[in-house]
Amino acid sequence: MKEFLIGRLSMEALPHEWFTIGGSAFFGALILALVVILTVTKRWGWLWKEWLTSVDPKKIGIMYFIVAGFMLIARGGLEALMMWLQQALGSSDMPGFLGASHGYLSAEHFQQIFTAHGNIMVFFVAMGFIFGLINYIVPLQIGARDLASPFLNTLGFWLFVAGVVMVNMFFFVGGEYAATGWLAVAPLSGTEFSPGTGMDYLIWSLQISGIGTTLGAINFIMTILKMRAPGMTLWKMPAFTWGSLCSMIMAVTVFPLLTATLFLVFFDRYFDTHFFTTALGGNAMMYTNLIWMWGHPEVYILVLPAYGVFTEIVSTFSRKAIANYTSNIIGLIGVSLFALSVWLHHFFTMGAGADVNSFFGVMTIFIAIPTTVLVFTWIATMYKGRIRMTTPMLWFLGFIAVFTFGGVTGVMLAVPPVDFQFHNSLFLVAHFHSNVIGGVLFGVFAGISYWFPKIAGYRLNERLGRYAFWCWMIGFSLSFIPMYILGLMGATRRLDTYDASSGWQPFYVLMLIGGIIIAVGVALQLAQIIASVIQKRRLHDSTGDPWEGRTLEWAVPSPAPSYNFATIPQVTTRDAYWEMKKQGIPARKFEDIRMPKNTASGIYISIFAFLVGFALVWHINWLAIVSLIGAIVCVIARTFNDDTEYVVTAAEVEKMEETRMAKVRALHAEKDTGPDEDMGLLEFIKLVITWALNVIRTRRWRNQ
Amino acid sequence: MGVERYKDKTMAESVATSEMNHEAAANDRVMFGFWVYLMTDLLMFAVLFAVYAVLHGNTEGGPGGSDLFSQPLALAETLILLTSSFTCGIGMIAARRGNKNQVLVWFGITFLLGLAFLSLELQEFAEFIREGHALSSNAFFSSFFVLVGTHGLHIISGLFWMFVTLVFVLVRGLNRHLVRKLALLSLFWHFLDIVWIFIFTIVYLMAYV
């Protein structure tokens, strides 16, 4: 009976180790603080109506940013620092503490940390940021008012959130995450070697958010292919939209493979099937193949939109159209095509034979060609351009340096005989971090600082942004160049301890120092955002076009109204807005606009999806069935609801536009009394301390 | 007064046409999106087919496909499902014409044929289970049950979807939303037919190669 009711759950599942107690205390305190703030300021209704149930891709984009940023700092980044600290302390001649034989983490705990670090950084940080950017920017760039299916978009977002909750769930119930490495290779991921619930948490957090990704990707393909402004042919589409389109097409191509593969692993664990087991005919190598068929394209799914971001930035800040747009786009398409036939380079050592290895080695080297084309179009765009060294541009230049480094080492790794030496070494780890940090993360930071004025209505503080950038660059070099060297010296990845006579410790210490500098960079980025909010009057963007942009997103006011475009623009050329500015912006003609109604269905379905996952982690079959039925009922209720739109009449649109203009004029007229430059670090610290002292003295949050 | 009415009429007309355009565009998008979804589903099946291709020989001394499968049964299943696709197509023509009763009749027949297919499939599964085989017996059975069972699960969801849609047709009548829903459903149903053709070939026929 007890087993029927609560499955594998028991008292032991409650937090009882320092990190699960700490984790649940942290999350508990966070939730409590949120509840208190929302209740005191009476913002529950506002939060629900304006944000959580919103179908506006701009709001969903911002929510993606918030969730991904939180996961970057609270989980992924923290775990990176924890691993570096362990490795710096992990020399075999140093005594361990906190019950560990070396360093301060037990071997098991260290494994859980690197597993979670990989899953979180790829699924919940990089994917979250990329989806956030696509949500916010793509509809604006193509001159659309909304997405093809606003509902699928909120559903995708909330499934992503359900995945985030699932990946953190072990802090509250369960006590462990998978200790298998982020891709959980078989047969290690089977019940025989990973009997605990950690692996199930991994499966279901990836499964639920992966399904959300597939739905989101379908939606963006529909949107980009079917909802572009009149006149915008595919070859007039902005580069970021192109990058997003390529990325989303790849996502619908490979995410189903992930879904199917995870289901098979789940069957192996739940129904004792023999897909990837060692006994009764299972084939573990098939798992490696299947998961990398998804896993390799996945990194390109992340980096293609980032390429697009850089193309936009380099063109805007060089005041030039992209040099050879066609080559650039063909480069993007080439990368996406090649990326589908290189997965085997992740396991040259598996023994597929010389023929197979050579094919995949050659394909992997080929992929450098379209990538190089991209790099050259970017550099050629800068050539003879009028370059402005803003922070987005700095991130771009940093990207070129770091990413090229990562690319070249990638070509080294693509040669099978060489790979036999480097396989599973820190050299490989340094290589792919150069690409995902240098490519994806720098792309996201560049994109956020580039489009921040569009999102918030004021630009970011440039000074602190520069400091943050340099911290990242220096910290990155300090932590990953030693990692390359260590790899060449023979250090394998995922070591929690190593022999003192190897002489590796100084390098690990350097890596830790680099990690701390990166952490300072992240702190500066947070300070940058806060300082920009403080100085928003000064940084205010009244034109909607602070950088003299070229693409349509700059044609609308900042922040963009809910319907994006009061009048849908007519596109005749590439860089449509640049052309409009030259030709004179056409007079606006207001029309009725149909907008989708807010809906909470996505939230309900995701809650049920989460419960299905949770029930299957703990083998509570009745709950899984009940929740599945709940989810289906919600889907039916939503899809047979015909009343999902409302009309904003032309008169209302005109009125809204007018109020907005009046507001902007008022803000513009208001004199900013502050200093005439972006606040520096010292000034920021001084301001924060004065504010804190003031709060303590007067016991009031704001001066009235 | 007359001018007023005239004005209203043109306005009503223009609203109607823009609504039509809006509706047609939305239909077009949804159909396209559903095609993309079908492709993702097909890729999931591709994984299961690949897995079956790799594992079907791994019977670990137990019986293999040629010892177990009944060709007449598989042929009967195939014919039933193909017929159901045909009736589904006729039902769709009726839906486009707005003939509610014919929609109910033809989709009703489709539903019954789907049910017949499902019962044959379940019978086959039940027989294997009676003989002592299960998902966990060996890799061959794992991949067989999961591949064919996933198709069966799709059939179940298709039938469920059909049932719910027909209930709505019965209650609300054939409005444009429901016609669109039926169009998506018939796409889904034809898609399952195609997947079954591959299952019939790769699982049932090639077992004897």
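## Second largest cavity

In this predicted model, the second largest cavity is lined by A:Trp182, A:Leu183, A:Ala184, A:Leu202, A:Leu206, A:Leu258, A:Leu262, A:Tyr287, A:Ile291 and A:Trp294. A cavity is a set of points on a 1 Å grid over the protein atoms alone where a 1.4 Å probe fits but cannot get out, and lining residues have an atom within 4 Å of a point. The space in the second largest cavity is about 30 Å³, a volume being the space filled by probe spheres set on the points, with grid points joined across faces, edges and corners.

At least two lining residues come from each of helix 7, helix 8 (239-270) and helix 9 (284-317) of chain A; helix 9 contributes the most, with 3 residues. Helices are DSSP runs (H or I, at least four residues) numbered from the N terminus. The lining comprises 10 nonpolar, no polar and no charged residues; Ala, Val, Leu, Ile, Met, Phe, Trp, Tyr, Cys and Pro count as nonpolar, Asp, Glu, Lys and Arg as charged, and the others, Gly among them, as polar.

## Largest cavity

The largest cavity holds about 50 Å³ of space. Its lining consists of A:Tyr64, A:Met127, A:Gly128, A:Phe131, A:Gly156, A:Phe160, A:Ser209, A:Gly212 and A:Thr213. Helix 5 (107-141), helix 6 (150-168) and helix 7 (198-226) of chain A are the elements that give two or more residues to this lining. By class, 4 residues are nonpolar, 5 are polar and none is charged.

The search of the whole structure found 2 cavities of 30 Å³ or more.

Residues are numbered from 1 along each chain as its sequence is written, and chains are lettered from A and ligands numbered from 1 in the order in which they are written. Local features need pLDDT of at least 70, side-chain atom pairs count only at pLDDT 80 or more, and totals for chains, interfaces and linings use all residues, while side-chain values use heavy atoms, with hydrogens and water left out.

Notes:
On a 1 Å grid over the protein atoms alone, a cavity is a set of points where a 1.4 Å probe fits but cannot get out, and a pocket is an open set with protein on both sides within 12 Å along at least five of seven lines; lining residues have an atom within 4 Å of a point.
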